[in-house]
Amino acid sequence: MTSERELFIDGAWRPSLSGRRLEIADPASGERVGSSALADAADIDAAVQAARKAFPGWAATHADERARILKRAADLIEDRVPQIAELLTREQGKPVPDAEKEIRFGIEVIRYYAEEGRRIGGSLRPSSRADIRSLVVTSPVGVVGAITPWNYPVDIYAWKLGPALAAGCTLVVKPPHETPLAIGKIVECFAEAGLPSGVLNDLPGTGPEAGAALAAHPGIDMMTATASTTAGQSMMRAAADTMKRLALELGGQCPFIVLDDADITEAAAAAARRSFSNMGQICIAVNRILVADRIHDEFVEALVAETRKIRLGHGIDKGVGYGPMLLESGRTRVARHIADAVQRGGRLLVGGEKPKGEPFDRGFFFEPTLVDDVPDTALAMTEETYGPLAAIRRVKDDREALAVANALPYGLAAYVFSGDIERAWTFAERLETGAVGVNINDTTELQAPFGGWKLSGVGRELGPEGIMAFRESKHIKMRIRSRLG
């Protein structure tokens, strides 16, 4: 399966104005998967003009009609899940079952916001005088610029596309240039569903060229992005001159806290999955595992056993649960974090190198790795590794665990495992993160808000909050004269 795609601007597929293209290779084998046109500032400008032209008509479209188009697109995507999932696996590396799960959650997101868009209303507020009426209503923000990541290309695309379209906004999206092919198939479904020309524009490109041009463009009213903290800071600076609204989900450095009354078997299995799923290339992946001293040895033994069960392979092959990393630069970063942790006194427990053997020679594979007794100053304890490495640290009590967990300037997600709901509740309230998983290794829920504190971002996605991020409020104050005398 190969796929060649162009830029999607004003309802039509077209090459980039520069003619530049990028070859896409399978990260597990190095085999060619396809190619994509690459946008630059001139292409972004053309897309913004198309989105601005389309905005008044889309904003005025009845919410029921917008919902009908979104639901039709979701149906078309659902019909094509097997084909899109295979393409996603070949360009990104995750196993097919994970790719299918990702796409199906994206479908749920689109359908959810199709309905949420129909529920947007206003409210009559109390007023200071008997002859005054105060009505608060909302309107679409306008033209939205969106930047989406390569780790969950289809899923996060839906997180931004669904609520923005349902809210009445038009979009210019810069999908990841590393993994643009499956997204191209999603765009095809929206076009076939009857989305008017110019409402959705999709232009793969690099961050320094297409992304920077999008964030700085005066025709963009709002930026939404899932990216690194550094990229988010650049977007904030670029958006300052035009005071764009921002919704940014940025980097994390997530702690996984195991208290001394936790179910060790359950906690170890949960930590392994959240540390190494998608090869750790997840913003809410476990980075630091903080374990109560009393159960440390028993937990580590269980975690090592879980990690040794992991078998790597090509995501297309049946039974494979873990694939390659996407990029060689990712492997280099993981190796650097491991070397730093060991040099500072950490003990390598399992993994730590590229797997050997013919199946792994051409791909970006790296063994799931655990390092124990890692000091707080190590890179693995202070930076987001974004790869298959979990650093372990003993803590003497709850107070120390909480202090270490909150010590960094990141606050996306955290996890607490405990058999005592009161202890867990205390942690959930005091952890400085946008979400906390208690005895569960996931913090994502479609109907609940998702986002970070501190350097992990601003704004929220998912839930009702996700659609209201794309609406601007307006107060209408009116004096009413009585006609009854």
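Buried means under 20% relative accessible area, exposed means over 50%, and partly exposed lies in between (1.4 Å probe, protein chains only). This is a predicted model: local features need pLDDT of at least 70, side-chain atom pairs count only at pLDDT 80 or more, and totals for chains, interfaces and linings use all residues. Residues are numbered from 1 along each chain as its sequence is written, and side-chain values use heavy atoms, with hydrogens and water left out.

**View A. Arg 394 pairs with Asp 293 in a salt bridge.** The N to O distance is 3.0 Å. A salt bridge puts a side-chain nitrogen of Lys or Arg within 4 Å of a carboxyl oxygen of Asp or Glu. Arg 394 sits in strand β17 (residues 389–395) and Asp 293 in the loop between β14 (286–292) and α10 (296–308), so the pair ties together parts 101 residues apart in sequence. Helices (H or I, at least four residues) and strands (E, at least two) are DSSP runs, numbered from the N terminus. Asp 293 is partly exposed at 42% relative accessible area. Arg 394 is partly exposed too, at 32%.

**View B. A network of salt bridges links six residues: Asp 293, Asp 297, Arg 347, Asp 372, Asp 373 and Arg 394.** The salt-bridge count comes to 41.

**View C. Asp 376 forms a salt bridge with Arg 393.** Their closest N and O atoms are 2.6 Å apart. Asp 376 lies in the loop between β16 (369–372) and α12 (379–382), and Arg 393 in strand β17, so the pair joins parts 17 residues apart in sequence. Asp 376 is partly exposed at 36%, whereas Arg 393 is buried at 14%.

**View D. Glu 306 and Lys 309 form a salt bridge.** The closest N and O atoms are 3.2 Å apart. Lys 309 is exposed, at 56% relative accessibility.
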